[in-house]
Amino acid sequence: MTPAERSLAAAFAPRPGEAAWLADARRAALARFEALGLPTARHEDWRFTSLSGLAPLELRPAAPEAPDAAALLARAPAPDGARLVFVNGRYRPELSTRRGLPKAAVVSTLAEALRERPDAVRPHLGRLARPDDHAFVAANAALFEDGAFVQLPPGGALDAPIALVFLSGGPAGAGAWGTHPRSLVLAGAGARATIEEIYLGGGGPYLTNAVTELVLGEGAAVEHVRLQLESAAAFHVSSVHAEEAAGARLAAHAFTLGGRLARAEVRARLAGEGSQIAANGLYMASGDQIVDNFSWVEHEVPSCTTTETFKGILDGRARGVFAGRIRVLPGAQKTQAHQMNSNLLLSDDAIVDTKPQLEIFADDVKCGHGGTVGQLDDAALFYLRSRGIAEAEAKSLLVWAFASEMVGLVGTPSLRARAKNLVAARLPAGARLLEAA
């Protein structure tokens, strides 16, 4: 075993007073993690992404406090509605608010829900995010301390987004640490909600290993937005596992902007006729960053729709990876599924590997996929320069034109504005762009 594998396994400890079913699930997940080990290039789904930087780290459990928590939280915008804040995997009530919730809606920590409403949690926790063949999910299932629990009643609607903020930080020279946030969202039939997950970090090195399960009832509509702004020394792996009943709609957006190595996964099961998923992602990397996006959508029944759009902007010696798979099972006729990955390379040393895939076992479908890799258009850049625009601003305009499509796909206005500001901040002339917008 590598030091990272040994230290993660050693971090497991029984939790006094925990329900027997959860304790059993934790032990089984630990055994599965020890059997699997961290993925390597021999694993097909990880063939382009090496964990060689993570493997030698001794990942101790995170300290209860982060000295820079206040500064990190200041980077998260003030909440429009309810906000739960977790520092190094632990809930901080003094930094959180649960205002603006309709009757019968539950927004709590997962630890609270396990104590107070176990009958609501037990049927779903670990049902979609199974540790069977996913080492990071197995580690999360064995080691998670807390996270978020959201339960919306049938027909319930939230006027403002629910913000789930996960902060990671530690004192300088304290070594590496790991956190394993776990979230569960249950949307009843016809419910409407927007869930925002924000990951912020300072210092490092550290590992954030996050798992979110989304269960959408019949006709439910959920917009889920992940903003990943980890420190430059962080390893970030997050996976969203979704199941949709008939007529449900999920819009899942992932903005990956930070981390030394970052992997964002979305895995969805369309289990009811007429269900839809729009899976979108924008990743920006520079220096020696590695950014990996992975998607798996399974069509089980007829008349479902998948739209996937992912874009990458890579500079320096950065590496980007996209691997997307849409499976149309036998009997899932009238499926519509489209997948596109486009990448913009801003330097000669940036690398991208793109692998969109379709597996179709039905014959009455409309499916397509594609991938592109290119650089800035010299003619467009010359045109802007000839109009008196400085080179840095001209390049920023062209990059923004490429990225803005992904920002525009976010449906909630406040979250769309937030994503716009974060993306623009990564561009040399981003402030000027925001002024002109």
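The radius of gyration is taken over C-alpha atoms, and the rule for a globule is 2.2 Å times the number of residues to the power 0.38. With 437 residues, a compact globule would come near 22 Å, and the protein has 21 Å, which agrees.

Before I go on, what you see is a predicted model, where local features need pLDDT of at least 70, side-chain atom pairs count only at pLDDT 80 or more, and totals for chains, interfaces and linings use all residues. Residues are numbered from 1 along each chain as its sequence is written, and side-chain values use heavy atoms, with hydrogens and water left out.

Now the overall layout. Along the principal axes, the C-alpha atoms fill a box of roughly 70 × 60 × 45 Å. The protein has ten helices and 21 strands; these are DSSP runs numbered from the N terminus, helices being H or I with at least four residues and strands E with at least two. Buried residues make up 57% of the 437, where buried means under 20% relative accessible area, exposed over 50%, and partly exposed in between (1.4 Å probe, protein chains only). Take contacts, meaning heavy atoms within 4.5 Å: among those between residues at least 6 apart in sequence, 83% join residues at least 24 apart.

Next, the cores. A nonpolar core is a set of buried Ala, Val, Leu, Ile, Met, Phe, Trp, Tyr and Cys residues joined through side-chain atoms within 4.5 Å. The largest has 39 residues, and Leu 152 and Leu 250 touch the most other members. Beyond its neighbours within four places in sequence, Leu 250 has contacts that include Leu 214, Val 222, Ala 242 and Ile 277. Another core, of 37 residues, lies apart from the largest one, and Phe 402 is among its members.

Which helix is mostly covered? Helix H6 is, with nine of its nine residues buried. The buried residues of H6 pack against helix H1 (3-10), H2, strand E8 (182-187), strand E10 (206-216) and E12. In H2 (residues 20-36) we find Ala 25, which is partly exposed at a relative accessible area of 38%.

On to the open spaces. The search uses a 1 Å grid over the protein atoms alone: a cavity is a set of points where a 1.4 Å probe fits but cannot get out, a pocket is an open set with protein on both sides within 12 Å along at least five of seven lines, and lining residues have an atom within 4 Å of a point. Grid points are joined across faces, edges and corners, and a volume is the space filled by probe spheres set on the points.

The largest pocket holds about 630 Å³. Its lining has 24 residues, with Arg 130, Asp 133, His 134, His 241 and Arg 267 nearest the centre. Helix H6 (135-143), strand E12 (234-244), strand E14 (261-270) and strand E16 (290-299) each give two or more residues to that lining.

The second largest pocket has a volume of about 370 Å³. Among its 18 lining residues, Asp 315, Leu 346, Leu 376, Lys 395 and Val 399 are closest to the centre. H8 gives the largest share of this lining, three residues.

How many cavities of 30 Å³ or more does the search find? There are four in the whole structure. The largest cavity is about 80 Å³, and E18 provides the largest share of its lining, three residues. The second largest cavity has about 60 Å³ of space, and among the residues lining it are Arg 226, His 253 and Phe 310.
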